[in-house]
Amino acid sequence: MKATRIDPDHFLQVIANENKDSARGQLKIFFGACAGVGKTYAMLQAARQRLHEGVAVLVGEVQTHDREATRRLLEGLPGLPRRTVQYRGLTLHEFDLDGALAARPSLVLIDELAHANAPGSRHAKRWQDVEELLAAGVDVYTTLNVQHLESLNDIVGGILGIRVRETVPDQCFDHAADVVLVDLPPDDLLARLDAGKVYLPEAAEQARRNFFRKGNLIALRELALRRVADRVNIDVRSYRDRKSVHTVWATKERLMICVKAELSHEKLIREGVRLAQHLQADWIVVHVDRPRGARTQGMREALLRLTKLAESLGAEFANLPGEDVAQTLLEYVRTRNANKLVLGRDRRQLRWPWSRSLADRIADANPDLGLILLSAARPAPRARVPLAARSPAGTGTGLRPHLRSLLLATLACAFTTFIASLLLLFFDSSNVVMLFMFTAVLLALRLGRAAGAWGAVLSVASFDFFFVEPRFSFAVSDTQYLFTFVLVLAVALVTGELAARLRFKARMATEGERRATAVALVARELSGAIETEQIAAVCTGTIARLFAARIALVVPDLEEHLTCADQAEFVDTSVAQWVYDHAQPAGSGTQVLPATEALYLPLKAPMRMRGVLVMCMEEGSLSPDPDERRFLDACCSLIGLALERTHFVEIAQDTLVRMEGERLRNALLAAVSHDLRTPLTAIRGLAETLEPNDLPAEEQASVSRAIRLQTESLHQLVTNLLDLARMQSEGVRLNLEWHALDEIIGSALRRLSSVLAGHVVRTRLAADLPLVELDAVSFERVLVNVLDNAAKYTPAGSTVQIHARASADTMHVFVEDDGPGLPSIDAERLFEAFTRGTKESSITGVGLGLALCRTIVEAHAGTIDVERCVPHGTRFEIRLPLGTPPHIDQETLS
Amino acid sequence: MSKLRVLIVEDEADIRRFIRLSLEREGMTVFEATTAAQARIESASRQPHLVIVDLGLPDEDGKDFIRDMRNWSSAPVLVLSARDREEEKVEALNVGADDYLTKPFGVPELIARVRAQLRRANVVSVGRTSSVVKFGTIHVDLATYEVIRAGVPVHMTPTEFRLLTALIRGYGKVITHRQLLLEVWGPGYVDRPHYLRVYMTNLRQKLEDDPAQPKHLITELQVGYRLAGIST
């Protein structure tokens, strides 16, 4: 058995779909060939059954058409009041989507899936409303006629002779959870019509004659049956996919449908899509963009419609630039691995007998490629495009410039004739002819094809008239001049054509270059932005200028609420929120809320949605030119990426800060383990020497004292550690009260009385020091650490002085000693955690004390500094801000 | 004179041991209790002259025991508390404790405080015969409102004198801010400790040799004040 490769991507897609589906509501379509088969009736019956089972049913919109039986079924089903819309003086009633979303029923009944909503509604079509309901998890029952399906639209149009405007894309139909075919044989339907059960009796005859012809009904019924059968096929296939693991996969077929920019090729797309569905193949639609000739307005519009059609049918539309159609198509076929090409049979083009059709050329180049030729519809007779509307190469549009160039051509010829008459005195006529040729060529170059042709004719005519025997007549005596005439004309026309093509190419190239520079400019400016505000500035500045529009950037804040970067009046936050949630564009020119003033575009980044771009054109609406759209999409991608980048820059900064914290913690752990074990080792050792009890008395006493001192220093270390750790994790919490500084100094000195026993301590505090707002316990800690530092690093007998004075708004506290002074390292670094003046000295203490002091003092909005004294010694200065102490009622002395 | 009886309420055995050894060396009889329940029994039966209570008892909050004991005994109470638990100390003092020791504390400090409390109890119980109180070079006459320092009279405002009196009355105890404010200024000033601090600064400047390193008017940061060094 041939080993087959299972396509893992396919299975991922299946799983993704299943996951998506479980949250989505289920759509059940009651499908029929035409009106009157009983779809609404069947829907209501099914709904009543569900109501009986206890499901919360809500009637969104049901058309009874005054049919008695249908109306009776409606009784007892709760209904949602409809929304009224005022449009051009009329009051229209529409289905209330927001009301349904708010009510959150389990099941909503909505008739007529293909209905177009009144202007001003959120979506243009009712099937979009249904999509939104399904996405919100609400089940929906709806009805649909076969003529409303997009892919069958043209076939039905052919059968009935009328085109139906309201269509539903096939995706909607194919992805519905269930389709119920409500079938009625044509004879029975006609009988019902006669019996008046379908329409009101008065209108029956008219309706019957126009629509209910038996032939029509049979054709429609067959279409409906076949379409549902196709759907079942897809269902069966996907069921097989899900259930079986090792099925044989045939290599998927891929169809490439090639279209020209003509409206008639819409039919080609639809046919191609039907064919693809039949063959169970993928399909792409391509168009080769040839630079030859100007693209008329009609061609641009046709291209746009084809694009929209392809997208609504679920195909991808690729616009390929290239000169040679066959070459471009073949290359693309190779890139995309298509195995069949669908071409329109071009039958109306006049061709040189020796030139081969596109199909032949492709077949010759690649004999293996399957070619399918479908006939496009007969093109609608092209409305005569007035001469003025066609923009001639080089000149502007309009009638007047055209006349102007012709006039200029005439003048030029007259001038040439005059010069020629002068030259004829010196040259032979055969040389003078070149002058006319030169004129014709110049005219073609400068003024366009029409002027060039006219100039050529005029030149030849005047040459003939004025300079060929017999003069001043149009009779040609020598046939060789005929040859010259023809040649001159040909040269002028060819030159004109070449010049026009060159000019067009140049213009296209400049356009392309302009766009490319614009994109590069936007990309460069966005790459320099590291904050959201900068990105918003780029949007409102550069990008807005490029599109001649006003642009606003809407980004979500930390709680996923959208806020506009700068308050712009044309931004409607609710629409922006909708766009953000659904990741679909909305606003003018789109299918959703088309009546809104501005266009809202979602900004998608690889990780997630990053915001919404709101664009309000200065005048008119955004040009539907696909190139402009693509440029806009490129800008949106760039903005989305830039936003994502700024987001990650912020995260990176946070991470750096946290990493620094981690580093400190690790350093702490490392240092602690050493500095804790040292005193512990000493204590243990000393205690063990006491155990045998055989030491002499003074020795015992000194060992005991040593143990006590070690525990005191250990206590100091642990206190500092705990304080620092607590402050790092919780932040510094201060219990601020108004204190007298001398109390705190006194308390600190008392605490260190034993440590400072060997030193001389002097205090000098001004008598009228104001109260300071402090956390007493923390500030005592600071003084204790500084004094401890002074005691540890100065020899016994040194003097330690504390003095304090107050200036206008600062309290200065000085702790001075006259010991050896600061070590050689930078004074500032002393305050860094774990820095000690002399590394690894015998003096214990990790180096935390001063770091803690700085943390506490800075939390009080103060500063602590250290400097050397002359001739030797160290001075610590603590500065604290003085506030206004609370008022004290003074009293007089007794 | 019978030996002074001290009750230790502490659940940590080693702490109990060293306190007991230190106090017994000073010639006191020491009884031990490990829980508040046991403490109630011991205090009722032994009638100690001083009780040392650890605030972190396993079965009950030490403060409740103190509050209950205060209902029937005026014996001085010394509480043991951890660092950074100022509110705890203040509460204990407010319900009736007299002094506190912050862990880790040393033996000399313990002995000093115990002696101070016992002396106070003696002074109070014996009753003051004269209205003159002396500490260091300061003489205070409670009846005539005179304060003399090293022979020189000191001028004091009525409030300052009231404050001094309050401190004297509570001699040996740590008096909390709240208690002082209540006594000297009244209930409306209970949450204005800055008044107290300013007036205490004034007192220290008037009465102490080195206001920054006072010998008598001791500040217990964030808890209260204490008057030390009274000579009878």
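A:Val286 stands opposite A:Ala318 in strand 10 of chain A. Strand 9 and strand 10 (residues 316-321) of chain A pair in the parallel sense over six bridges; pairing requires at least two DSSP bridges between two strands. Strands (E, at least two residues) and helices (H or I, at least four) are DSSP runs, numbered from the N terminus. This is a predicted model: local features need pLDDT of at least 70, side-chain atom pairs count only at pLDDT 80 or more, and totals for chains, interfaces and linings use all residues. Residues are numbered from 1 along each chain as its sequence is written, chains are lettered from A and ligands numbered from 1 in written order, and side-chain values use heavy atoms, without hydrogens and water.

Strand 8 (residues 254-259) of chain A also runs parallel to strand 9 of chain A, joined by six bridges. Here A:Leu255 stands opposite A:Trp283. From strand 8 of chain A, the chain passes through helix 11 (residues 265-279) to strand 9, a right-handed β-α-β crossover. Right-handed means that the path from the first strand over the helix to the second runs clockwise, with the strands pointing away from the viewer.

## Burial of strand 9

Strand 9 (residues 282-289) of chain A is largely enclosed by the rest of the structure, because seven of its eight residues are buried. Buried means under 20% relative accessible area (1.4 Å probe, protein chains only).

## Helices 24 and 25

A:Val782 and A:Asn785 are among the residues of helix 24 of chain A that meet helix 25 of chain A, whose residues there include A:Leu852 and A:Ile856. Contact means heavy atoms within 4.5 Å.

How values were computed
Buried < 20%, exposed > 50% of the residue type's maximum accessible area, 1.4 Å probe, protein only.
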